[in-house]
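Subject: A structure for you to look at

Hello,

Here is the structure I promised to pass on. Have a look at it first, and then read my notes below.

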Amino acid sequence: MHLKITHTTRYRFDAPVTYGLQQVRKTPKSNHQQDIKKWTTTVVGGRNEVAFEDHHRNSVQLISFDRDAQSLDIVCEGEVAMTDTQGIVGRHMGPAPLWLYKHETALTKSGKATRALAQSVEQGSPLERMHSLSGMIRNAVAYKVGASQPDWTAETVLAEGCGVCQDHTHVFLTCARLMDIPARYVSGYLMLDDRIAQEAMHAWAEAYVDGLGWVGFDISNGISPDMRYVRVATGLDYSDAAPVIGTRQGGTGETLSVQIEVAQQ
């Protein structure tokens, strides 16, 4: 399957930006699941200062604002050939050690609710337990767009009983790590069955299973990733894999819009 992807991020400001830098993680990489046929990033209102690979092996672009800019457009587009691996990513690669993915973060800090959920997962093989955990989270946390806040922790998500894919993923990471299984956050693109246009990237989890390596779990949809899923960035939580993060001086009155299109070629 070939997918065509366009991802546009637009910033508008009432007052000029005197200085600003953005870290952009919107570029997928080729592996045995996905072959990047072409990919371009166009910047209007700024410039691409440098591209590098972070310790999670994510492709990162550092983009600066033009001086006194009141707008910045970052347009990424390309084509990806996909192969179905039934959610299996494979062996661990990169400079970050495997044990790092057992560490909790501010967003995945364990507490009473996550410990109770992890302890209630039925015994079985590590793979069976991860599938069981995914289903339990989907039952415990209703998918509801706009219900959560970006800074919600896994404990908050369980207490509220609702959230989006980011929230499902953080709960999964917290519980998997409590079960002594390395787990990481994944951001990427998902081709939806009912529409092409989207307003945000998708998020899912990967757990490291001996004998298989990294295996993906889309808790929100109750499946392991297939040919519709394009992996872009991974990390300990959302903050490591966010499509755009940055800092600036000036630029008050910000308006942000995101447009994503994912379609079969």
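Which residues lie nearest the centre of the largest pocket? They are Val164, Cys165, Glu199, Ala200 and Met201, out of 40 residues that line this pocket.

Before I go on, two words on the basis of these notes. This is a predicted model, in which local features need pLDDT of at least 70 and side-chain atom pairs count only at pLDDT 80 or more, while totals for chains, interfaces and linings use all residues. Residues are numbered from 1 along each chain as its sequence is written, and side-chain values use heavy atoms, with hydrogens and water left out.

The largest pocket has a volume of about 1300 Å³. (On a 1 Å grid over the protein atoms alone, a pocket is an open set of points with protein on both sides within 12 Å along at least five of seven lines, a cavity is a set where a 1.4 Å probe fits but cannot get out, and lining residues have an atom within 4 Å of a point. Grid points are joined across faces, edges and corners, and the volume is the space filled by probe spheres set on the points.) Its lining draws at least two residues from each of β1 (2-27), α4, β9, β10 (197-198), β11, β14 (244-250) and β15 (255-264). (Helices, H or I with at least four residues, and strands, E with at least two, are DSSP runs numbered from the N terminus.) Strand β14 supplies the largest share, 5 residues. By class, this lining has 20 nonpolar, 15 polar and 5 charged residues. (Ala, Val, Leu, Ile, Met, Phe, Trp, Tyr, Cys and Pro count as nonpolar, Asp, Glu, Lys and Arg as charged, and the others, Gly among them, as polar.)

The second largest pocket holds about 370 Å³ of space. Of its 21 lining residues, Asn31, Arg57, Val89, Arg184 and Arg231 are the closest to its centre. Strands β6 and β13 are the elements that give two or more residues to this lining, and β13 gives the most, with 4. The lining of the second largest pocket divides into 7 nonpolar, 9 polar and 5 charged residues.

**Strands**

Strand β1 has several antiparallel partners. (Two strands pair if DSSP finds at least two bridges between them.) With β5 (residues 69-82), β1 forms 12 bridges, and Arg12 stands opposite Ser71 there. With β15 there are 10 bridges, including the one between Tyr11 and Leu256. β14 is joined to β1 by 7 bridges, with Val17 opposite Gly250. Finally, β4 (residues 59-65) pairs with β1 over 5 bridges, and Val24 has Gln61 as its bridge partner.

A separate item is the open sheet of 5 strands, in the order β6-β12-β11-β9-β13, with antiparallel pairing. Its edge strands, β6 (88-90) and β13 (229-235), each pair on one side only. Neighbouring strands are turned by 35° against each other on average, direction ignored. Within this sheet, 6 bridges join β9 (residues 183-190) to β11 (residues 202-209), and Val186 is partnered with Trp204.

**Helices**

Helix α2 (residues 126-140) lies across β11 and β12 (213-217), running at about 25° to β12. (Axes are lines fitted to C-alpha atoms, for helices over the stretch in contact, and angles run from 0 to 180 degrees between N-to-C directions; contact means heavy atoms within 4.5 Å.)

Helices α1 (residues 112-119) and α4 (residues 165-178) pack at about 65°, with their axes 9 Å apart. Thr114, Arg115, Leu117 and Ala118 in α1 meet Val171, Thr174, Cys175 and Leu178 in α4. The residues of this contact are 5 nonpolar, 2 polar and 1 charged.

Best wishes
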